[in-house]
Amino acid sequence: MHEALLLSKALCIMKEKQSVSSVGSQQAVKDPTAVERANLLNMAKLSIKGLIESALSFGRTLDSDYPPLQQFFVVMEHCLKHGLKVRKSFLSYNKTIWGPLELVEKLYPEAEEIAASVRDLPGLKTPLGRARAWLRLALMQKKMADYLRCLIIQRDLLSEFYEYHALMMEEEGAVIVGLLVGLNVIDANLCVKGEDLDSQVGVIDFSMYLKNEDDIGSKERNVQIAAILDQKNYVEELNRQLNSTVSSLHTRVDSLEKSNTKLIEELAIAKNNIIKLQEENHQLRSENTLILMKTQHHLEVTKVDVEAELQTYRYSRQGLDEMYNEARRQLREESQLRQDIENELMVQVSMKHEIELAMKLLEKDIHEKQDTLIGLRQQLDEVKAINIEMYQKLQVSEDAMKEKNEIIGRLEDKTNQITATMKQLEQRLQQAEKSQVEAENEDKKFEQECMSKSENLQKEISQKEKQLVQLETDLKIEKEWRQTLEDDLQKEKETLSHLRVETQQIISLKKDWYQSCVPSSVGVDLSNGLS
């Protein structure tokens, strides 16, 4: 508390010289802890500013004997001690800043090295000495601001070590952490191992911070220093970015090297495979030459056999062509006859439809029985005319049936001749098919070995097969025509018999109906007309 009062007196003198407003001083008097925090904040500002200015004017790395640097550590020690809780021990009361600083390694993993090195230092016996060594190592690493920022953020953990009104718990602590960022422009080389940090007395020298009249006109120098500081901060930030890019490039290089090694291995495997494939290709080519020699010899033998078979086939083909022309001519005649028969069938079908319509009209007349006698006579006249036409058509159909029976007899004779010729053709075709099957089996055996040089033979064989297929199809067509003609004749016979039965039924129905409904005179006329 005595040191804090001395600080407050010195700062009051400095505020009078700098013409600070009286409102702030009145508010500070009201709360002593706020006054202490403000005084410590101002002292931290002065010490950091003086250290940066003197270090830049000094122009080289700082050592532990540099007075502004020693005063900076003293001011930081006072700032960290402000509002620190007193912990009871067995011997006495303990009040040290090593507790919160030791907590940093749990929050910031990079601070583990500093804490481990501080614990391993020989000669440090007190927690205060370890805290002083920790501050010096953090300054040399240029990470003091980062470490304390992580500590300030976790205020719930700091509440175990500090009172609620402590500087580290209020906004002034965050301001000091922001000011510590400017110390990154300073390069310090401090020897912590042999220095006696346990017994040092932390007293602030206010004479260093009192302004002289000679320093009033040094604004241009301060502007230059600020510009230099900005440039140094910019260079350090660039250095950090470059370090991050270098690390990322290293990782990329490692990955590319791994992929390159994999590609080299795959290329070696591919080369071995290519060599093996070349050897196999050479063996296959040698085997192919042997196969070609064998196939050429066999082809020469087969050519002689095929030529002999072709000569025999040509002789047999001439006879087959003559027989085919005769069969074709007969087919034309039979097709013409079939067309005539179909036309007659169409006429008969139309007649049948007319008869069915007349029967339907008669059935309606029988079921209704409500028309007048005049209507019945008119219908009888129509029926007479229809019966006459039907009788005439029946006579015509009987004549046509006689002619068709004669035609059928002729066709049967012709079909018998065709069947005889067909049997001869089938025998010849069976012989040709047997020879063809044997030739095809031999060709199939050798087609797999020499497809490239047997195309001409395959074309000739395919032409022969097409000709044989044409002959077979013609024969099948003749058989089908014959079968269809027989079926049509059978159907015509059935339709004629059916029509005869229907006409007899119609005549019987008419006789019964006229006998039951029409007078005798009308019945006589009807019987005459029907006869």
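Me: What makes Tyr234, Val235, Leu238 and Leu242 a nonpolar patch on the surface?
Reply: A patch is made of residues with over 30% relative accessible area and no salt bridge, with nonpolar side chains (Val, Leu, Ile, Met, Phe, Trp, Tyr) joined within 5 Å and like charges within 9 Å. Tyr234, Val235, Leu238 and Leu242 form such a nonpolar patch, and together they have about 410 Å² of accessible area. This is a predicted model, in which local features need pLDDT of at least 70 and side-chain atom pairs count only at pLDDT 80 or more, while totals for chains, interfaces and linings use all residues. Residues are numbered from 1 along each chain as its sequence is written, and side-chain values use heavy atoms, with hydrogens and water left out.

Me: Why is Leu242 called exposed?
Reply: Exposed means over 50% relative accessible area, buried under 20%, and partly exposed in between (1.4 Å probe, protein chains only). Leu242 has a relative accessible area of 51%, so Leu242 is exposed.

Me: Which residues gather in a patch of negative charge?
Reply: Asp305, Glu309, Glu438 and Glu442 gather in that patch on the surface, and helix H12 (219-368) and helix H13 (373-447) are the elements that give two or more residues to it. Glu438, which lies in helix H13, counts as exposed because its relative accessibility is 54%.

Me: Why is Cys150 called buried?
Reply: Cys150 has a relative accessible area of 13%, and therefore Cys150 is buried, whereas Cys191, at 52% relative accessibility, counts as exposed.

Me: How many disulfides are there?
Reply: A disulfide is a pair of cysteine sulfur atoms within 2.5 Å, and by this rule the count comes to zero.

How values were computed
Areas by Shrake-Rupley, 256 points an atom, 1.4 Å probe, with all protein chains shown as cover. Salt bridge = Lys/Arg side-chain N within 4 Å of Asp/Glu carboxyl O. Lys, Arg positive; Asp, Glu negative; His and termini not counted. Charge placed at Lys NZ, Arg CZ, Asp CG, Glu CD. Helix = DSSP H or I, 4+ residues; strand = E, 2+ residues; numbered from the N terminus.
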